Amino acid sequence: MMRNCLSIALLAVFSTASLAAGDTLEEMSLEDLVKTDITSVARKSQSLADVPAAAFVITAEDIRRSGAQALPDVLRMAPGIQVAQIDNGRYAVTARSFNGRFANKLQVLVDGRSLYHPLFAGVMWELDPIPLEDIERIEIIRGAGAVMWGANAVNGVINIITRHSRNQTGAAVSVTAGSKGTADIYARVGQAVSDSTSWKLSAQARHIEPSRQYTSAADSVDRLNNAVIDFRLDHDIGGGRDLSLWANASRSKTTELWNTQPDFSQPGLNVSSLTPNQVLSSESLVGRYRWLGDSGIESSLQASLNHSTIDIDHFVNESLTTVDLDYQGRFAVDRHDILWGMNHRSTRDEMSTNEPYVSINSRHRTQRDTGFFVHDDWTLLPEQLKLGAGIRVASTTANGSNVSTNATLLWTPSRSDSLWLKYASAPRTSARAERDISILTGASVVQTAIPFPPFTANIPVIGYVNATGKLAAEKSQGVELGYRKQISPNASADINVYRYRYTDLRSGQQTGMFGCHRMFEPAIPVDASKCAYFGLPLGTPVLVNEMQAINGLAAWNDGVEISADWLVVAGWRLQFSYSWSRLKADRSSNVVANEDGNIMERAAPRHHVSLRSQWNITPSQQFDLWLRGTSGMDRLNLVDTVPNASGAATFSRIPGYATVDLRYAYRVNKDLEFALIGRNLVGRQRLEYLSDYIPTAATEIAPTWLISTHWRF
Amino acid sequence: MPANNLLRLASRIALAATLALTMPASFGEATTEAQLKAAYLVNFLKYVEFPGTRTTVNLCLFGRDSLGPYLAAYEGRQVGGRELRIRRVNSPEQIADCQELFIPDTEEARLAAVLRWVDKQPILTVSDAETFTREGGGIALIRGDGRLQFEVNVEALNRAGLRASPQMLRLAKPMTSATR
């Protein structure tokens, strides 16, 4: 798609050639150059010299050498991207804070097809969207990118580009097996039918046995079964025209342990667990046509159709159909490089829910989003100064119309230095769940002194959010400053700072409270019909705190991101990244919003570090090491059965961690490779996340060893 | 992150660094593929005859610049008796002044557009996009058999009014399937 050509990846570098001693490259003749061996081949976005944004590229080589088996684990290597594993399949992934299982400020695309789910404006990471082996590269742009990427590109865009079928001809099989009952099979066939036409078909199945629970060491229920099948057809018509077709189907099955079923037959709050099965499926068909007009205008038209389902036993069942039409044009004239486009997306859902836990305002809804954008890169001084500006006007049936803008200035005083400044704004359209779903949000026990007759009572308080059907878009705008330096042909570094302002963030607001026992009267009334709805018999000493979602919160988000890449010697490369971020919410007179701000701030870890070493021991052996770590965070206890006198929210600490992944690979010949992979090797018993919205039992992230075989024929 | 955690992390990183430092460094001089491409671009100018007499020769890098840092060292040098200048270009007007034009394969989507712009002009087009010569480009840099090789589309050079030396054609990889 056209965005790809805008893309930041420049294949520079970092493969190595061995030269005869004494020769310098400048003195070599064509004859010598032809004979120069390339001992290792690695593509890396290194020369990002003219991208005025915080950008990072993950190559296919990086993916393979990371030892990661799932997409979110791959993303950990990018600065500013925060990944926390929840269980075998589930992850919380975000850019620049605001992380959560339903993190909603990140846009994720596979070949231009958005993976984000309009129900909660996030990504279901437990569903493998594409086999890792089929990925050519992943481009990550942090910061607001709404002008070019549309709604939800608030804190960043992850753009996954799959391999052209021309480069995937022949057949390949990968088999991986290891501890924790991990099994992973990938197979692919492809063919170049002619010079201009090629296709490939790949399939992958993944299985992981249940993890252990973090607190009890008992087995959890997160057994994972995933399957994905992906077809791609490319046809080069000639004269700048080409046609691509993708067909993809994926399915995921896993279970989860929810501590959600309260029992009021005894005094206080007793919660028993539920283990709902979750089945996700997605099927999509995408077609893209690119052509070149006589006037030199390049165009790309992409149409996609997607159907997906979410089925969580006895809880939610959703079926969603999305039609997406996207046009982009590009025209370079004089000192201008102009890009424009329009997009229309229509999503229709059908939902059923299990009341009283969850209920939905309307069972069918169609949402339509339409947007137009134009962006110009204007060279003010050739090779020195470039100004970029863009605007998107969009309209959605959910939130009305909105405008996003950006402006960038890129100064390249020399070929090895570039300095950029960026301003951007982005809205986040409210999600269907935020507008239309009423849900039990949690429960705690308040210790209260009852004046007459005097005694201390432990009163369970249940939180419930009533959907109002309305929630406006969240807004963000901010500035970023970045500097890139090519220190030597073998080393480069990149640093950027940002400061963003968010307004109209979703928060809660108390709308009322009712009890199911007369002892709270007259301060808190009894609402017999609502008590009946929640299955609370009259006379049960329980309070229900009713809330609604409002755009009631504002915050500042500041951070620094550093990355460096160094080819130390021909066969050894180091890649480092570090990010620091701080989220600071405003305080107001709204007590619930203040509490939400507090929860948000405390859930954002400050530091993330990653250091990767890729060492080619010999042309046939590789040893890779990945050290990564993050600082700790606090998560709200959604269900807290311990009586608490103040009624204030309580938190659980998720300690910071540092861990190591290893990979040793031996290449028997150019078609056969074996690898031994160790993941999460340091930290025997740790957790990375405690689920939000749904009070799930924490699972342990345990060390795993894997053996992998990759065979091409 | 509490200080002791940071310390622990630092000590682990230090450990990894020492581990790595003990690795043998006998790979010889590190040369990147980008450096090799840059050397090719300069070398082609020696083997191709351009019409007219000029004292300078412009090597232009189209679009997103990947080789700029590696070519900087060649700027101002004498190549075939002419002074080499490196330029970044993005539009047809800027291209008119180029003798050699490199289009990186990340600009693959714009390849056809650029080739149309330079049609019949005395400009040597080079790209690391694999299918470049088949699409009508002049020279493709292709990775294969562990080396970086090049393919020459003689017809395209002729159309541009350029002449490649027999020595260069002898070193070139034969074009796999000439559709043009």
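Colleague: Why is A:W378 called partly exposed?
Modeller: Buried means under 20% relative accessible area, exposed means over 50%, and partly exposed is whatever falls in between (1.4 Å probe, protein chains only). A:W378 comes in at 37% relative accessibility, so it counts as partly exposed. You'll find A:W378 in strand β24 (residues 364-381) of chain A.

Colleague: What are these values based on?
Modeller: This is a predicted model, where local features need pLDDT of at least 70, side-chain atom pairs count only at pLDDT 80 or more, and totals for chains, interfaces and linings use all residues. Residues are numbered from 1 along each chain as its sequence is written, chains are lettered from A and ligands numbered from 1 in the order written, and side-chain values use heavy atoms, with hydrogens and water left out.

Colleague: What makes a nonpolar surface patch?
Modeller: Its residues need over 30% relative accessible area and no salt bridge, with nonpolar side chains (Val, Leu, Ile, Met, Phe, Trp, Tyr) joined within 5 Å; like charges are joined within 9 Å. Here such a patch covers about 800 Å², and its members include A:W378, A:L409, A:W411, A:Y483 and A:V497. Two or more residues each come from β26 (400-414), β27 (417-428), β30 (474-488) and β31 (491-515) of chain A. Areas come from the Shrake-Rupley method with a 1.4 Å probe; for residues, only the protein chains shown count as cover.

Colleague: How do you know that A:R612 and A:D62 form a salt bridge?
Modeller: The rule asks for a side-chain nitrogen of Lys or Arg within 4 Å of a carboxyl oxygen of Asp or Glu. Their closest N and O atoms are 3.4 Å apart, and the pair passes. It ties together distant parts of the chain, 550 residues apart: A:R612 sits in strand β34 (residues 607-618) and A:D62 in helix α3 (residues 60-66), both of chain A. Helices (H or I, at least four residues) and strands (E, at least two) are DSSP runs, numbered from the N terminus.

Colleague: Are A:R612 and A:D62 buried or exposed?
Modeller: A:R612 has 4% relative accessibility, so it counts as buried. A:D62 is at 0%, so it counts as buried too.

Colleague: What about B:G136: why is it called buried?
Modeller: Its relative accessible area is 11%, so it's buried. B:G136 also lies in the loop between β7 and β8 of chain B.

Colleague: Where does A:R518 fall, buried or exposed?
Modeller: With 64% relative accessible area, it's exposed. A:R518 has a salt bridge to A:E521, with closest N and O atoms 3.1 Å apart. Over all chains the count comes to 60 salt bridges.

Colleague: How do you know that β12(A) and β13(A) pair?
Modeller: Two strands pair if DSSP finds at least two bridges between them. Nine bridges join β12 (residues 170-178) to β13(A), and these run antiparallel. They form a hairpin with three residues between them, and A:K180 in the turn has a positive phi of about 65°.

Colleague: Which residues are the bridge partners of A:V173?
Modeller: In β13(A) it's A:A187, and in β41(A) it's A:W711. Seven antiparallel bridges join β12(A) to β41 (residues 704-712) of chain A.
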